[in-house]
Amino acid sequence: MAVPNGDMPTSVVVPAQGGAVVSLAAGKRVKIVDVEGSQVADVFAVSATDPDEWLSVAVTRAWNWRLFPAVGGSFWTTAYRPLLAFEQDDSPGVHDMMFAPCSAEMYSALGHVGHHPSCSENFRAEAAKVEWFPAHVPDPVNLFQRTRIEDNGVLTALPALSRPGDSVTLRAEMAVFVIVTACSMDLEPINGDNCGSLLLEIGP
């Protein structure tokens with residue numbers, strides 16, 4: 001895997017039901033913008049120097065003792081090292097780290113017939129561009145995803161509360177590749193009335 005450098009464009013569009021990968025040197029930032037509102041962003045990340053060390057939502061939950069880290073906290077790797085700092089949240093602040101990415105198998109189980117775009121498929125396509133080939137698709141950070149937890153432990157997926165232009169800013173704590181997919185789910189209304197696009201803005 002190549003070490004990220006300064007050759008990345010300053011902005012990258014993630015098309016509806018698509019994905020994109022960006023490289024960040026340590027200290028660089030990515031702002032993930034919900035362009036049209038109510039669009040979930042699945043975020044995956046891997047060390048640029050070790051494809052066996054990636055963002056683990058399980059380790060992140062355990063280290064932070066929270067279902068989702070607060071601004072000022074970090075997302076941690078499988079090796080218990082901080083990978084991305086959660087620097088700024090210009091959204092209602094509702095996010096998720098419990099749900100797996102949508103996949104062909106999931107859509108089939110839900111009764112969909114034929115091909116359906118999925119975050120897992122889009123992840124694989126973008127990860128291949130940076131020579132990252134994990135045996136299993138990691139569980140993502142689901143930015144803007146709204147999950148209600150009932151007192152009896154039942155989970156309910158609800159439409160995202162993010163508005164057009166809402167964003168989250170992450171800062172790389174090591175050289176990292178960040179993959180973002182615009183969630184493809186349109187069988188349930190977690191992305192509002194329709195799936196939209198995202199914008200990735202790379203900054204110092």
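Here are legends for a few close-up views of this predicted model.

Residues are numbered from 1 along each chain as its sequence is written. Because the model is predicted, local features need pLDDT of at least 70 and side-chain atom pairs count only at pLDDT 80 or more, while totals for chains, interfaces and linings use all residues, and side-chain values use heavy atoms, with hydrogens and water left out.

View 1. The strands line up in the order 1-12-3-10-6-5, with antiparallel pairing. Here a strand is a DSSP run of E with at least two residues, numbered from the N terminus, and two strands pair if DSSP finds at least two bridges between them. Strand 1 (11-14) and strand 5 (74-76) sit at the edges with a single partner strand each, so one side of each has no neighbour in the sheet. On average, neighbouring strands are turned by 25° against each other, direction ignored; the angles are taken between lines fitted to C-alpha atoms, on a scale from 0 to 180 degrees between N-to-C directions.

**View 2. Strand 5 meets strand 6.** Three bridges pair strand 5 with strand 6 (residues 82-90) in the antiparallel sense. Look for Trp76, whose bridge partner in strand 6 is Pro82.

**View 3. The hairpin of strand 8 and strand 9.** Strand 8 (residues 146-149) and strand 9 (residues 155-158) run antiparallel and are joined by four bridges. Arg146 stands opposite Leu158 in strand 9. Five residues lie between the two strands, and in this hairpin Gly153 takes a positive phi near 90°.

View 4. For Cys183, the nearest cysteine sulfur is that of Cys119, 4.4 Å away. Cys183 is buried, at 4% relative accessibility; buried means under 20% relative accessible area with a 1.4 Å probe, protein chains only. For Cys195, the nearest cysteine sulfur is that of Cys183, 6.4 Å away. Cys195 is buried as well, with a relative accessible area of 14%.

**View 5. The largest pocket.** This pocket holds about 220 Å³ of space. On a 1 Å grid over the protein atoms alone, a pocket is an open set of points where a 1.4 Å probe fits, with protein on both sides within 12 Å along at least five of seven lines; lining residues have an atom within 4 Å of a point. Of the 14 lining residues, Phe99, Ala100, Met106, Met185 and Ile190 are the closest to its centre. The lining divides into 10 nonpolar, two polar and two charged residues.

Definitions and conventions:
A disulfide is a pair of cysteine sulfur atoms within 2.5 Å. Buried means under 20% relative accessible area, exposed over 50%, partly exposed in between (1.4 Å probe, protein chains only). Grid points are joined across faces, edges and corners, and a volume is the space filled by probe spheres set on the points. Ala, Val, Leu, Ile, Met, Phe, Trp, Tyr, Cys and Pro count as nonpolar, Asp, Glu, Lys and Arg as charged, and the others, Gly among them, as polar.
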